[in-house]
Each structure stands twice: as structure tokens, then as C-alpha cells.
Amino acid sequence: MITATIGEDRALLLVGPVRGLAQEARETVEALREFAPTTVGLGLSEEEMRGLINYFVAAEAEPVVPLTATETSEVEGLVRFGEVRVPNPAFVDVLSWCVASQIPAEPLDPNDEHSAALFTEHIGYMALVRRTVGERRVARNPPRSSTADEFALAWDREISRGRGSRELAQARDRHFARGVGRLRATGPRLGLVVDRERFESIRTLLENGVPPAMDAEP
């Protein structure tokens with residue numbers, strides 16, 4: 001897990017846990033608890049957040065989560081570093097903590113309609129082929145990293161090699177950062193949680209300012 005406080009007033013905490021690791025989920029909640037945010041923003045879409053709340057936070061029993069071959073390989077690669085849970089326990093645990101603490105939580109990633117528009121804009125046929133090949137390659141040969149942090153970054157590099165994939169990720173991060181700007185009006189202290197591989201990009205956007213919106217909106 002990596003963290004950073006942003007702004008001269010240090011009123012914004014950005015947390016980047018490695019996706020899947022239970023220990024990093026616990027550390028993420030503890031970091032937020034110590035920071036005491038008035039609102040929490042998450043690297044999730046509206047639909048993703050609603051699904052986590054309905055099926056994992058508010059449910060009496062968690063459903064079985066089917067995994068793709070790529071997701072299974074990622075889990076198998078991560079178990080060297082500790083207990084692994086799916087779906088991403090950092091978001092599930094943070095949402096549970098927000099509900100229990102009565103702290104508002106907001107999804108800051110594009111919704112499904114906007115995500116589809118961004119995907120169509122940035123991922124052409126060849127970019128789709130490269131993404132598919134990258135996913136199959138990393139599923140067959142997961143990174144042999146010495147830490148969970150290195151594993152998460154190496155995994156993302158393998159899948160997002162092409163320019164289209166990088167541009168898609170950047171567009172999603174810009175949308176997130178613009179949402180943070182809107183969210184700051186809701187309270188003096190914001191806690192933000194994103195997957196580890198997005199941390200540096202989003203921190204740069206928040207520290208340097210977000211470019212004007214040029215992405216397709218729903």
C-alpha cells in the first residue's frame with residue numbers, strides 16, 4: 001500500500017492498495033480512520049459500487065465470485081504475499097467502514113455508459129488484440145516480483161502496453177481527478193482509494209491540475 005497527502009492544507013489523502021490483498025485492505029481502512037475524512041471517493045463506477053454494497057456489504061452471505069483465467073492467474077501470483085480475497089477487499093472493507101461510520105462514499109470512475117464510450121474512442125481493433133494478447137501472456141507467465149507492489153505494477157504494464165490502452169487509462173484517471181474537484185465542495189477532508197497501479201497517475205493529476213474535459217461524456 002502507498003499513501004500521499006495532497007495540497008497545502010494536506011486535506012486530501014490518496015491511498016493505493018494492491019488489489020486483492022486482505023492485509024492491504026485492512027491497512028487502507030486504518031489509514032482512512034486515522035485521517036478522519038468527511039467524505040471518501042473511490043476508484044469505482046456507480047454500478048460497481050452499487051454491486052459491492054448490495055452483494056457484499058449489505059448481504060447476509062457473500063455470493064460465489066466466478067473468475068476469468070486472467071483473474072485466477074493474478075490471484076495465484078498474489079498468494080505469495082498474503083491472503084487474497086475477491087472482489088477487491090480494499091473497496092469492500094472501505095465501504096463497510098463508511099457505512100458503519102456514516103461517512104459518505106462516492107464513486108469517481110466513469111459509469112458503464114461513459115466507460116463504453118471511452119473504450120470505443122481509445123481501443124481500436126489492433127489495440128484490442130494487443131490487450132488480449134497481453135492478458136493471455138501475463139496469465140501464462142505472471143510477474144516474478146519480490147514484493148506485492150512490484151507485482152501489481154508489472155502486471156498492469158503487461159496488460160496495458162499499447163498506446164490505446166494507456167490513453168484509456170489516462171482518460172479514466174482524468175475523469176476520477178475531475179470528480180475529486182467536485183467532491184471537495186462536500187467537505188474539508190477527502191479520503192481517496194484507487195488500485196495501486198493508478199496511484200502515481202492520479203497523484204500527478206491532483207497535484208498539477210486536471211486538463212479540461214475532452215473525453216466523451218454519457
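How many nonpolar, polar and charged residues are in the lining of the second largest pocket? Five are nonpolar, four are polar and three are charged. Keep in mind that this is a predicted model.

Let me stay with that pocket. The space in the second largest pocket is about 170 Å³. Its lining has 12 residues. Nearest the centre lie Glu46, Pro107, Asp109, His175 and Arg182. Which helix gives the largest share of that lining? Helix H8, residues 163–183, with four residues.

H8 takes us to the helix packing. Two packed helices are described by the angle between their axes and the distance between the axes. Take H8 with helix H9, residues 199–208. Their axes come within 9 Å. The crossing angle is roughly 45°.

Who makes the contact? On the H8 side, the residues are Asp173, Arg174, Phe176, Ala177 and Val180. On the H9 side, they are Ser201, Ile202, Leu205 and Leu206. By class, the contact of H8 with H9 has six nonpolar residues, one polar and two charged.

Next pair. Helix H2 covers residues 46–57, and helix H4 covers residues 89–101. They pack at an angle of about 80°. Their axes are 10 Å apart. Angles of 65 to 115 degrees count as roughly perpendicular, and H2 is therefore roughly perpendicular to H4.

Which residues of H2 meet H4? Met49, Leu52, Ile53, Phe56 and Val57. Facing them in H4 are Phe91, Val92, Leu95, Ser96 and Val99.

Rolling a probe the size of a water molecule over the atoms shows where empty space is left. How many cavities of 30 Å³ or more does the count give? One. The largest cavity holds about 30 Å³ of space.

What lines the largest cavity? Val18, Arg19, Glu74, Leu78, Phe151, Ala152 and Glu197. Two helices each supply at least two residues of this lining: H3, 69–78, and H7, 148–159. The lining of the largest cavity splits into four nonpolar residues, no polar and three charged.

Last topic: the backbone. Where is the cis peptide bond? A cis bond joins Val86 to Pro87, and omega is about -5°. Pro87 sits in the loop between H3 and H4. H4 is also the helix that packs with H2 at about 80°.

Then there is positive phi. Arg10 has phi near 50°, a positive value in a residue other than glycine. Arg10 is in the loop between strand S1, 2–6, and strand S2, 12–16. Gln102 also has a positive phi, near 60°, and this residue too is other than glycine. Where does Gln102 lie? In the loop between H4 and strand S4, 105–107.

To recap. H8 gives the second largest pocket four of its lining residues, and H8 also crosses H9 at roughly 45°.

Note on methods
Residues are numbered from 1 along each chain as its sequence is written. This is a predicted model: local features need pLDDT of at least 70, side-chain atom pairs count only at pLDDT 80 or more; totals for chains, interfaces and linings use all residues. Side-chain values use heavy atoms; hydrogens and water are left out. On a 1 Å grid over the protein atoms alone, a cavity is a set of points where a 1.4 Å probe fits but cannot get out, and a pocket is an open set with protein on both sides within 12 Å along at least five of seven lines; lining residues have an atom within 4 Å of a point. Grid points are joined across faces, edges and corners, and a volume is the space filled by probe spheres set on the points. Ala, Val, Leu, Ile, Met, Phe, Trp, Tyr, Cys and Pro count as nonpolar, Asp, Glu, Lys and Arg as charged, and the others, Gly among them, as polar. Axes are lines fitted to C-alpha atoms, for helices over the stretch in contact, and angles run from 0 to 180 degrees between N-to-C directions. Contact means heavy atoms within 4.5 Å. Angles under 35 degrees count as roughly parallel, over 145 as roughly antiparallel, 65 to 115 as roughly perpendicular and the rest as oblique.
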